[in-house]
Amino acid sequence: MEYEKRVKAEAIHYATNCTERGVDGVLQPALPHDERQKEYVENVLSHVAERFEGFVNSTQESDSLYENDDYSDVRILTGTDITADGDPILAKITSENGMYNAIKCIFRFVADTVTSYHSNSSDAMPRKPRKIVACEKHDFEPYDSDDSTRIDIGIYSKTLQMSDKNGKLDYSDMLLIVEAKKSDCSGNNDGVRVEALEQLCRYTRQIYGKQPWRRFAWGMTVCASKVHVYIFGHDCIFESPFLDLGAKDDRGKLVKLLASWAFCPRSILGYDSTIDYRSAAQCVSFAVDGINERIYAPFTTRITENLFGRHTVCYHAKAMPLNCNEDTETKIRSMTLDRFVKDAWSCSERDSADDVNDEIRFLKTINQKFAGDKDMEGKYPLLCAGYVVRYVNTNNWDLTTEATADDTLTAFKMIDSEILAKTQYRRHKRIVINGIAERLYNVKSVDEMIVVLADAMYAHTRIFRECNILQRDISPNNIMFTRGENTIKGMLIDFDCAVDANNQETSGPVQTGTGPFMSINNLRSSSVRCTQLDDWESLLYLICWMATFGVTTEHRKTFRDGRDKLQKYETYRIPIIKWDGPFDIAVDSKETAMLEGRFNLRVTDYFMKHSDYENLVNLAMELRMNIFDNPKMSLFGCGVSTNMRLIRNFQTVNSSVDTETYDRDIGPEISDPFERRAICADKIVDDLLDVMLKAKNDALQRMSNA
């Protein structure tokens, strides 16, 4: 229930604040560059528009093609059927259910007309057109849904469908979803459009979760006779001008767009054409640039964390030779997996030479620096390959056979360049890591987690100091571990948010990372430069989060079972739940807990009541003291409430500085304690690393005695 509320709030925000309206390019039919094929497709589109217009106005001759289907509702939706009083029957629609058949029939009409034209043409393209049709059911909950919401109409391609499900459609099959509203969205009734788009955002989020091969997604809303078509980008939603189904020209634009989808490359529909679904192996598969391997990854769906962003997909996979045959493919799921693959749309610079914060570049630097270093062995990802995804559009759709780098400019080339320039530029990158590691959530005890975290932060410190790379996203998803015989070793992964610490342009206000674990300065978008201490602060929040909600699978189940018995208001009494909320609320909650002497009251008192969690209480308190109340910092560098209030009004503070403190050489003119702390970051990190390594040794001792 809490998950659904959070997703709905997110969708309302996106529909209201993140939509680029009136984008003509969304409606632009995709046409081949080859002149002969372009002429053919244009003829098909014109034919479909002409036939549809004749149909809705009842002026074309009877055609057996449409005799088996009831298309009468289409005339109601377009307003071309007239009552005895001369009024459009459209006004008689009293429910959304009455619109469903009409919308589905428009798709069916286009698909049948395209197929018929292609079958009877002597000049047909060699490629058989897709049939883009609606699922037989409507107003239904997909079988693979993460929540209880019902969608109005699911649209799929019969030639792209993974399997025949006898009319049962999952999110994993859908090309797009149509949301219908019986109310008009024009004039002063824009709230109807926003409501329809908000629901569409929630559904499209699940398409991304169930289809790792999606580059982007389409969507459609129909409010009475007003249609909007959408392209869901990585950072905003592109919305077409509304199309009035009661107007001939607008009807023509809609059916031409739908007809063009029958012929265009999969990439135009938002699919990643470099990924194949191998039904025999029940895997997704792709070749790896730069090495003679093909990756096979057993397909599992995931809950998508966000509609926007990197759309990161991670696979545990098996590397096989490029010429792997089908018999071998069927056995892959029973083989030991040996690769970890990350596929993501990363923020980048348009000129690759300027992309100084490229994760692939960082991983190459780390691998070169620590090759053969026994102390770092297993604590960082071993890079097999890293590259920008490239694809070739086949069947002469593009006149060139050169591979095209996949980025937001190529993915959304139908969108005007001035509009695209306002959005974040991203490159589609794929990273292949040697070996398999487990998620932090899979540790079996508190002591195992302590060991893993200590290893990860040891790697973090050395990577920063020896490679000048600051990771900037310490979170449970970015710390993994491997097991050996009676051993466990932590690994720091994911350098997609990392920066080159030597690049001064990266300093300044930023808000990057994973919400609940972002530092106070990060949440504030402070002008104080980001340092290692921001990541150590994230580690503190990670420990507090897992200690509250459960370190092991069993403990998390205990928390969920207990929470289900609580009243709603009692569940929300846990203060750190606010860390996963809007940034302004999260930073207020963290400042209260960390800076105002309420750490026990607001945080550790809510840790799970297991005896071994007492070790996490002690560890968290020691980390908090070194980060915010380090005794080796002067009064100017402290962070507790009384001192913070005095420092913010530093004229009331004695300006003398203890000569033994870390910040003894920093003048009182620098009054912000966070800025003073940043200057002394290296010394404070030494203290923090000592704390973690001691905690690790104690944990290992307890594990050996168990």
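Q: In this predicted model, which residue meets the side chain of Arg-524 in a salt bridge?
A: A salt bridge is counted when a side-chain nitrogen of Lys or Arg lies within 4 Å of a carboxyl oxygen of Asp or Glu, and for Arg-524 the N to O distance is 2.5 Å. The pair ties together parts that are 67 residues apart in sequence, because Arg-524 lies in helix H12 (residues 520-524) and its partner in helix H16 (residues 583-595); helices (H or I, at least four residues) and strands (E, at least two) are DSSP runs, numbered from the N terminus. The partner in H16 is Glu-591.

Q: Is Glu-591 buried or exposed?
A: Buried means under 20% relative accessible area, exposed means over 50%, and partly exposed lies in between, with a 1.4 Å probe and protein chains only. Arg-524, at 31%, is partly exposed, whereas Glu-591 has a relative accessibility of 17% and therefore counts as buried.

Q: Which residues are joined with Arg-21 into one network of salt bridges?
A: The structure holds 43 salt bridges, and some of them share partners, which links Arg-21 into a network.

Q: In which helix do Glu-198 and Arg-202 both lie?
A: These two side chains form a salt bridge whose closest N and O atoms are 3.2 Å apart. Glu-198 is buried at 7% relative accessible area, and Arg-202 is buried at 14%. The two residues are four residues apart, about one turn of the helix, and that helix is H5 (residues 190-210).

Q: What is the relative accessible area of Lys-374, the salt-bridge partner of Glu-377?
A: The side chains of Glu-377 and Lys-374 meet at 3.6 Å, N to O. Glu-377 counts as partly exposed at 44% relative accessibility, while Lys-374 is exposed, with a value of 66%.

Q: Which strands form the edges of the open sheet of seven strands?
A: Two strands pair if DSSP finds at least two bridges between them, and in this sheet the pairing is antiparallel, with the order E9-E10-E11-E12-E13-E17-E14. Neighbouring strands are turned by 35 degrees against each other on average, direction ignored. The strands that pair on one side only are E9 (276-278) and E14 (382-388).

Q: Which residue in E17 is the bridge partner of Gly-386?
A: Strand E17 (residues 426-434) runs antiparallel to E14, and six bridges join the two. For Gly-386, the partner in E17 is Ile-431.

Q: At about what angle does helix H8 run to E14?
A: Axes are lines fitted to C-alpha atoms, for helices over the stretch in contact (heavy atoms within 4.5 Å), and angles run from 0 to 180 degrees between N-to-C directions. Helix H8 (residues 359-370) lies across strand E13 (339-347), E14 and E17, and its angle to E14 is about 155 degrees.

Q: Why is one side of E18 and of E21 left without a neighbour in the sheet?
A: The open sheet of three strands has the order E18-E20-E21, with antiparallel pairing. Strands E18 (438-439) and E21 (487-492) stand at its edges, so each has a single partner strand.

Q: Which residue in E20 is the bridge partner of Glu-438?
A: Two bridges join E18 to the antiparallel strand E20 (residues 479-484), and helix H11 (residues 446-467) lies across E20 and E21. The partner of Glu-438 in E20 is Phe-481.

Q: What pLDDT is needed for local features in this predicted model?
A: Residues are numbered from 1 along each chain as its sequence is written, and side-chain values use heavy atoms, with hydrogens and water left out. Side-chain atom pairs count only at pLDDT 80 or more, and totals for chains, interfaces and linings use all residues, whereas local features need a pLDDT of at least 70.
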